Amino acid sequence: MGSNLRTYIARRLLLVIPTLIGVTLLIFAVTQLFDPVQRASLYIRDPKNLRAIDEVIRKYGLDQPFYIQYFSWLSQLLEGNLGWSQSLHMRVIDALVTRAPATIELAMYAAPLTIILGIRLGKLSAVKKDTWVDHFTRAFAIIGWSLPAFWLGIVLLAFFYGGLGIFSPGRLSPWAEALIRSGEFKVYTGLYTIDSILNLNAAVFLDALSHLVLPVTTLTIIDVALIMRIMRSSMLEQLGKTYIIAARARGLDEKTVVDKHATKNALIPVITISGLLTAGMLSGMVITETIFEFKGVGYFAAHAATQLDIPAVLGFALLTGIIFVIANLIVDLLYAYVDPRIRLG
């Protein structure tokens with residue numbers, strides 16, 4: 001690893017710290033919109049218990065100056081104390097940890113499929129510019145990007161589950177859920193497709209996979225359109241540059257020119273949008289998870305919002321902020337890998 005690359009990585013890692021502090025400051029500033037009594041109620045199970053509210057105010061210094069309250073809240077945060085979820089009757093951190101596997105599993109299948117298809121279709125469209133292939137992929141991109149997620153999800157659910165009786169909502173069928181509750185099926189990760197492989201249970205694997213088909217399809221159809229359009233535009237720009245013309249003049253075959261020269265440089269803007277899309281999936285797909293009853297972080301956030309569960313909503317916001325900060329860091333590091341010139345900037 002060269003010194004320039006090490007320096008670049010060190011700079012990006014150091015920038016993560018003030019960025020995360022900024023995220024926590026923003027989230028904490030939102031809580032200051034509530035008075036001490038309202039904020040104290042976020043940490044107790046029975047908000048009507050006035051004695052408990054007074055004790056919480058004194059314990060956490062909720063009537064102290066802003067900076068004292070912030071550092072007190074930050075210390076609680078580092079201990080995993082995000083408050084009590086009134087809608088789920090459990091700690092917010094426990095609710096997020098419990099529902100994270102569903103969101104991770106959905107993103108694990110949707111994100112790679114979206115990125116790979118988007119890159120390949122965008123590249124194909126650019127190489128086959130102004131042919132029927134290009135017109136077809138561009139039309140698909142326009143239609144896909146124009147479809148609202150809730151509408152597409154409902155249509156797919158109505159057709160496949162309502163009409164054909166396949167691909168039911170939820171993460172598992174009732175019989176599979178009963179098997180897991182019985183204790184005969186050992187849960188290692190909470191990702192049912194992975195756990196079923198570890199349990200050597202093909203029936204649960206196929207059941208879990210079938211429940212992923214519609215939500216993954218919904219996310220892929222909509223998000224692949226954006227990546228495809230960006231990849232196509234970037235690829236066309238690269239194909240028209242001088243170094244590509246020079247490579248062709250040297251007698252290199254078209255496949256080498258496209259794959260080894262143009263594609264690598266065309267990926268730079270795609271990396272950005274791919275990172276943000278993946279971060280968005282990992283932080284919870286509220287609409288998709290709600291429509292398909294895929295009870296992940298997004299489903300939990302939507303339910304908490306309708307119940308005015310403020311600690312849960314704030315916990316979700318904090319999780320989302322952290323995920324996007326980490327995603328931006330990974331994107332920066334991928335930039336340096338794809339284009340070494342960025343390290344010198």
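The chain exposes about 18,300 Å², and carbon and sulfur atoms supply 67% of that area (Shrake-Rupley method, 1.4 Å probe, with only the protein chains shown counting as cover for residues). This is a predicted model, so to speak in its own terms: local features need pLDDT of at least 70, side-chain atom pairs count only at pLDDT 80 or more, and totals for chains, interfaces and linings use all residues. Residues are numbered from 1 along each chain as its sequence is written, and side-chain values use heavy atoms, with hydrogens and water left out.

As for the overall build, the chain has 15 helices and 2 strands (DSSP runs numbered from the N terminus, with H or I over at least four residues for helices and E over at least two for strands). The C-alpha trace spans about 85 × 55 × 40 Å along its principal axes. Of the 345 residues in the chain, 42% are buried (buried is under 20% relative accessible area, exposed is over 50%, and partly exposed is in between, with a 1.4 Å probe and protein chains only). Take the contacts between residues at least 6 apart in sequence: 72% of them join residues at least 24 apart (a contact means heavy atoms within 4.5 Å). On the charge side, there are 30 positive and 24 negative charges, and their mean positions are 9 Å apart. Here Lys and Arg count as positive and Asp and Glu as negative, while His and the chain ends are not counted; each charge is placed at NZ of Lys, CZ of Arg, CG of Asp or CD of Glu.

Now for the packing. The largest nonpolar core has 21 residues, and Ile27, Trp73, Leu82, Leu96 and Leu318 have the most contacts inside it (such a core is a set of buried Ala, Val, Leu, Ile, Met, Phe, Trp, Tyr and Cys residues joined through side-chain atoms within 4.5 Å). Two or more residues each come from helix 1 (3-31), helix 4 (66-78), helix 5 (92-127), helix 14 (297-306) and helix 15. Helix 15 gives the most, with 6 residues. Another core, of 16 residues, lies apart from this one, and Ile244, Ala247, Val257 and Val258 are among its members.

Helix 15 runs over residues 310-338 and includes valine 313. Valine 313 counts as partly exposed, at 33% relative accessibility. Leaving aside neighbours within four places in sequence, valine 313 touches Ala304 and Ala305. Alanine 266 is another story: it sits 47 residues from valine 313 along the chain, and the two C-alpha atoms are separated by 38 Å. Helix 1, for its part, holds isoleucine 9, which is partly exposed at 22% relative accessibility. Isoleucine 9 and alanine 336 are 327 residues apart in sequence, yet their C-alpha atoms are 8.7 Å apart in space.

Next, the aromatics. The structure holds 5 aromatic pairs (rings of Phe, Tyr and Trp, the last by its six-membered ring, pair if their centres lie within 6.5 Å; planes under 30 degrees apart are stacked, over 60 edge-to-face, and the rest tilted). The pair of phenylalanine 160 and phenylalanine 167 is tilted, because the ring planes stand at 55°, with the centres 5.8 Å apart. Phenylalanine 160 is partly exposed at 24% relative accessible area, and phenylalanine 167 is also partly exposed, at 26%. Elsewhere, Phe28, Phe66, Tyr70 and Phe71 form one aromatic cluster.

Some of the loops have backbone angles worth a look. Most residues other than glycine have a negative phi. Phenylalanine 167, in the loop between helix 7 (149-163) and helix 8 (174-182), has a positive phi near 55°. Leucine 200 likewise has a positive phi near 55°, and this residue is placed in the loop between helix 9 (192-198) and helix 10 (202-239). At 80% relative accessibility, leucine 200 counts as exposed.

The loop between helix 9 and helix 10 also holds asparagine 199, which is partly exposed with a relative accessible area of 24%. Beyond the neighbours within four places in sequence, asparagine 199 is in contact with Phe185, Lys186 and Tyr188. Phenylalanine 324 is 125 residues from asparagine 199 in sequence and 33 Å from it in space, C-alpha to C-alpha.
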